[in-house]
Structure formats: structure tokens, C-alpha cells
Amino acid sequence: MTADGVGEGFGEDRGGTAVHRHTLRAPGIRVRVLTYGCVVQSLEVPDAAGEFGDVVIGLDTMEDYLTRSRYFGAVVGRYGNRVAGASFTLDGREYALPANNGEASLHGGPGGFSNRVWQVTDIAEDRITLARTSEDGEEGYPGQLRAEVTYRVASGPDGADLRIDYLATTDAPTHVNLTNHSYFNLDGGPDIHDHTVTLDAGRYLPVDEGFIPTGELAPTAGTPFDFTTGHTVGSRLSDGHPQLKAAGGYDHCMVFDSPAGTLRSVARVTGPRSGRAMEVLTTEPGVQFYAGGKLADHVYGPGSGLCLETQHFPDSPNRPEFPSTVLRPGTEYRSSTVYRFSAAAGNAPELSGGGPEGERAWR
């Protein structure tokens, strides 16, 4: 169905551009999406008793998103995560980016994708596609980039899904690394420290004092970063590990053991009180696991939600040894992630071993 591009009015951005909210529905899931930053404002799924509840941190008004948001639910880019020194060299030419996180550029800069109003290009009850053109030089990045984000909801015998598909093309070489920055809290409680997390990640990226990867792919075995068997988020925060001290808790890129490029199961989170479980499937090589340690707000405090931002590695533009994030003319950037929700009393932390993309019939 062709989009009407209207939806429900939700205010205006700083430049006076109208922002709208659209609601996606499928059995067992309801998602509200803003045209501002492709924000997932709310994501409602049932608990073990069948009661629906919101499992992401969201804000009530457009003014809140302009003044209080810590990337709540937004798509960040062109480059999600940090680029060291707010610069990179591509094909022999250096590009300067705005530094908005110490000396680094974070999440595409202050004028990045999360702070832009996107256009609705397709919409139905269970899906929405939003698109924008990032002009050559926007936030310092080369090339005119056309980006699309599609959200789809679906349900099946193994739960209800929110699927995110990213697509981008460029007319000049550039770097692209898009991700969604939702903060999840499956129980709706004051923090997520008792949530159990399982990650198919035998390595992680240690960071320096500026949260920039050192370049080492360190083993998780024997450290608080080993989530290959389920652990609660808070159980090892006081371990004294220097990386936990440096980052104020978990704020690290976890490197998946399974190869990137195919949609496969890589993570699972369970909430002990609600019985909700969230499985994550992605085509990406890693995930930024952020436990919200530095989250501070007059409503949301530290640890109120956790992020599992599927993506390529931080600072890849300056790390040729990392998987490349270069996009060139004539090629397409494609990435997919599924957040799959289920609920049952006594949910176990083990990965469910979700299969390939074709197992679920998408509408």
C-alpha cells in the first residue's frame, strides 16, 4: 500500500518540520514509530500472564525528544558508534567530522540521522519504510547517500518479531554503519541488573579512556564479558575489571563467533519477573552492549535499560584490520536485525538457535 505520509501528528523538529507517529500491529506486538530519527517510541508485547507492556524506553512528547533523549529508539548514522579523532582517511583523502563525544565523533555527529525527519515511502498495518537523502558533506561524510529503514512486525509459533532492514546507496565512496539505539527493559522495573543476557561472543573490543577500541579482539573467557552462558547484567559489575571501571560498566562491542552476512541467532535476554524473553538475530558481525550505566535523566536513571546495537565495529574507518564499512557506488549497504519476543514462566537463558531468515513468513 502506498504511504499517505501523514499518520498522527507528533509536533515539529527544531526547524519546524512536521513529525508524525505511525503504529504497526501484528498479533502479539504493537510498535509506534516516529518519522523523527526513525524512533521506536514504544514496543508492546505480552508477559507470561498475557498482559501487554512496553519494553523500550520512550518519551511522551516531541519536546522531550529534542531536549532529553539519549538516542532513545533512534536509528543512528551515518556511522553508529565512535570514530576516533573525528576524522578518517578514505582513498587517500582525509575527512573531518564534528567531534561531539570528547575528541571523537559519535553516532554520525550532532546532525546525524537520529536528529533528522525521514519521509514515509511505504506503509501498511504491519510495516513502514522511511527514507532520507544525506547530501555530500553532511556531517563531514563524502558522497550523497540514499538511506532506507524498514520496520516490520510479524508473529509466529516462536513469538512476535520486530524486524529492521537497512538499505543504502551512494554516489561516492563513503562509510556507513547504521543501527537502532533502543533501550530495552523487559520487566518495566527500575533497572535491568537482574535481566539475564546470553551472547554468542567469545571476543570483545577493549576500549581506551575515550571509549575507542584499542584494536585488540580480547577473549571473553575468564572475564566479566563472558556471556556465552547466561549471566545477569548486575552480577559482575563490581568485579573490578579495568574495562568495567574505564567504561562505567558495560559499553563495549561484542564480537560474534558466527560469521556475519546471514541472519542468525546471536543473543537472548530474559526478564525474571515478566517471563518475557527477547532473542536477537542479525546479519552484523558485532553488537554494542550498553547496560545504561551513564544514563541519567529526571525519569530514567542508570541501568534503566540495556542496548543491543547490532553493527560493525566502532572506529572501523580508522582500523583496516576490522571488517570494512566502506560503501562504493554501484554497491548496496544491506543489514537486517530481528528482535523476537516470547513469554513463558521460567524462561531459560540459553539461545534458542533461531534458524535462517526463511523460517518466518514475512507479510
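## A strand pairing, some pockets and the cysteines

In strand β27, Tyr333 is the bridge partner of Ala168. This is a predicted model, where local features need pLDDT of at least 70 and side-chain atom pairs count only at pLDDT 80 or more, while totals for chains, interfaces and linings use all residues. Residues are numbered from 1 along each chain as its sequence is written, and side-chain values use heavy atoms, with hydrogens and water left out.

**The sheet**

- Let's start with the strands, which are DSSP runs of E with at least two residues, numbered from the N terminus.
- Strand β14 (residues 159-170) and strand β27 (residues 333-343) run antiparallel to each other and pair over nine bridges. Two strands count as paired if DSSP finds at least two bridges between them.
- In general, strands of a sheet pair through backbone hydrogen bonds, either parallel or antiparallel.
- Both β14 and β27 belong to an open sheet of nine strands with antiparallel pairing, in the order β11-β12-β13-β14-β27-β23-β22-β17-β20.
- At the edges sit β11 (119-124) and β20 (231-232), and each of them pairs on one side only.

**Pockets**

- What's a pocket here? On a 1 Å grid over the protein atoms alone, it's an open set of points with protein on both sides within 12 Å along at least five of seven lines, and lining residues have an atom within 4 Å of a point.
- Grid points are joined across faces, edges and corners, and a volume is the space filled by probe spheres set on the points.
- The largest pocket has a volume of about 310 Å³. It is lined by 16 residues, and the closest to its centre are Tyr36, Tyr65, Leu66, Ser69 and Asn115.
- That lining splits into seven nonpolar, five polar and four charged residues.
- Of its 15 lining residues, Arg70, Arg82, Leu106, Asp251 and Tyr290 lie nearest its centre.
- The lining of the second largest pocket divides into five nonpolar, five polar and five charged residues.

**Cavities**

- A cavity, unlike a pocket, is a set of points where a 1.4 Å probe fits but cannot get out.
- Searching the whole structure turns up two cavities of 30 Å³ or more.
- The second largest cavity has a volume of about 30 Å³. Its lining consists of Asn81, Leu205, Val207, Phe211, Asp251, His252, Cys253, Gln288 and Pro314.
- Strand β21 (residues 251-255) gives the most to this lining, with three residues.
- By type, the lining of the second largest cavity holds five nonpolar, three polar and one charged.

**Cysteines**

- A disulfide is a covalent bond between the sulfur atoms of two cysteines. The rule used here asks for a pair of cysteine sulfur atoms within 2.5 Å, and by it the count is zero.
- (Buried means under 20% relative accessible area, exposed over 50%, and partly exposed in between, using a 1.4 Å probe and protein chains only.)
- For Cys253, the closest cysteine sulfur is again in Cys307, and at 13 Å it's too far for a bond. Cys253 counts as buried too, at 2% relative accessibility.

**Salt bridges**

- There are 17 salt bridges in the structure, each one a side-chain nitrogen of Lys or Arg within 4 Å of a carboxyl oxygen of Asp or Glu.
- Asp64 bridges to Arg68, with the closest N and O atoms 3.5 Å apart. Asp64 is buried at 15%, and Arg68 is buried at 16%.
- Asp165 forms a salt bridge with Arg163, where the closest N and O atoms are 3.0 Å apart. Both Asp165 and Arg163 are buried.
- Glu321 and Arg319 meet in a salt bridge at 3.2 Å, N to O. Glu321 counts as partly exposed, at 48% relative accessibility.

**A buried glycine**

- Gly286 lies in strand β24 (residues 286-290) and is buried, at 0% relative accessibility.
- Gly286 and Pro259 are 27 residues apart along the chain, and their C-alpha atoms are separated by 9.9 Å.

Notes. Ala, Val, Leu, Ile, Met, Phe, Trp, Tyr, Cys and Pro count as nonpolar, Asp, Glu, Lys and Arg as charged, and the others, Gly among them, as polar. Helices (H or I, at least four residues) and strands (E, at least two) are DSSP runs, numbered from the N terminus.
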